[in-house]
Amino acid sequence: MRSPYETEADLCWGGRNFQFQSQDQEHWLHRMAAKGWTAPTWPVEYGGGGLDRDRARILKEEMRAINARPPLYSFGIFMIGPALLKYGSDRLKQQHLPPIVRGEIRWAQGYSEPNAGSDLASLQARLEDRGDHFILNGSKIWTSYGDKGDWMFCLVRSDGELPKHAGISLVLFDMATEGVSTRPIRLISGKSPFTETFFDDVRVEKDQVVGELNSGWTVAKYLLTHEREMIGGSGLRQEGEEALGQLAIRHVGLKHGQLANPVLRSDIARLEIDGTALGLTMDRARDEVKAGVSLGATSSIFKYYGTELNMRRQDLLMSIHGLHALDWDGPQSEDGRIPRSWLRSRGNSIEGGTSEIQLNIVAKRILGLPG
């Protein structure tokens, strides 16, 4: 767990059907979860570590110092967990948060629909009241890891008579529920984490509504700020990820004590500087949140710039590997991971809200420019 991870299979996603790649990976998750350090800032009563942000930052820095891989990568921690902490009933918190911390439940997100992407509020997946429970019908698209999720947090139309931003609710349900089905979407990279997801008379319990019925848009916007911050973090070097400079030294070599390719050396240095600036900006924003300032539209800055950085990183990985990067399946391209990851990164500017949408949000809500 102190060596760079090479593929997504090296990351621990948890969940009912997750297969650990090694005993070390399993031990690392269980020992960190026992301390609550998979969600270090969450309250102890919900399984978290109870650390303040300063101590959580120290923990992250120390993990990076020993090149430790993250013990758990989870949409539960990055997205639905914060929404439950803010809007969920105590029953929902007690039911879902401790299993999230322990990596026992893997979550999928049900937001976009075939006709509701950038205009998410026009969604049509419909929730019908059947007395002691709800029935859900409709579909979602671009469901990340929909075929691997145990539970879904899903945005649905719960009142068709209200304006489109009203009458929306956020509900939770087990994806093993009868009537839930998924179909994979294949991307140009040859692989994809995305699925189409279909709901045919799916039973949803009434106590699985996050917040008040028909107030889901408020919850959804709050959750999106965390999703965009999470995606923005993709532009930073992650725990357990090899630094580009070290990778370049191995593949390109040194000349007079410097990277042999001066253009590549300059590009890597520029990326590292920009990444450090983003990381410091994100730290500053977290400190402001700690002081009571809402993150709000600032998350759109993180999402836009972080994804731009990640695409630049993937460009540099292609340059570092040179001609070998064009090998679709061979060992010199790490069995095709390099070109596939480069192709996959092109979708960063779309998922989680397109770059154009993020720039519009920044222009209107942060810079105050006219619409």
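Guide: Strands themselves are DSSP runs of E with at least two residues, helices are runs of H or I with at least four, and both are numbered from the N terminus. What you have here is a predicted model, where local features need pLDDT of at least 70 and side-chain atom pairs count only at pLDDT 80 or more, while totals for chains, interfaces and linings use all residues. Residues are numbered from 1 along each chain as its sequence is written, and side-chain values use heavy atoms, with hydrogens and water left out.

Visitor: How do I read a backbone angle, say the phi of Trp142?

Guide: Trp142 isn't a glycine, yet its phi is positive, near 60°. This residue sits in strand S3. Trp142 counts as partly exposed because its relative accessibility is 43%; the scale calls a residue buried under 20% relative accessible area, exposed over 50%, and partly exposed in between (1.4 Å probe, protein chains only).

Visitor: Where does Asn214 lie?

Guide: In the loop between strand S8 (209-210) and helix H5 (216-232). Asn214 also has a positive phi, about 75°, without being a glycine. With a relative accessible area of 24%, Asn214 is partly exposed.

Visitor: How do I find empty space inside?

Guide: Rolling a probe the size of a water molecule over the atoms shows where empty space is left. A cavity is a set of points, on a 1 Å grid over the protein atoms alone, where a 1.4 Å probe fits but cannot get out; lining residues have an atom within 4 Å of a point. Grid points are joined across faces, edges and corners, and a volume is the space filled by probe spheres set on the points. Here the count is one cavity of 30 Å³ or more, and the largest cavity holds about 30 Å³.

Visitor: Which residues line the largest cavity?

Guide: Met1, Asp10, Leu11, Cys12, Gln25, Arg69, Pro70 and Pro71. That lining divides into five nonpolar, one polar and two charged residues (Ala, Val, Leu, Ile, Met, Phe, Trp, Tyr, Cys and Pro count as nonpolar, Asp, Glu, Lys and Arg as charged, and the others, Gly among them, as polar).

Conventions
On a 1 Å grid over the protein atoms alone, a cavity is a set of points where a 1.4 Å probe fits but cannot get out, and a pocket is an open set with protein on both sides within 12 Å along at least five of seven lines; lining residues have an atom within 4 Å of a point.
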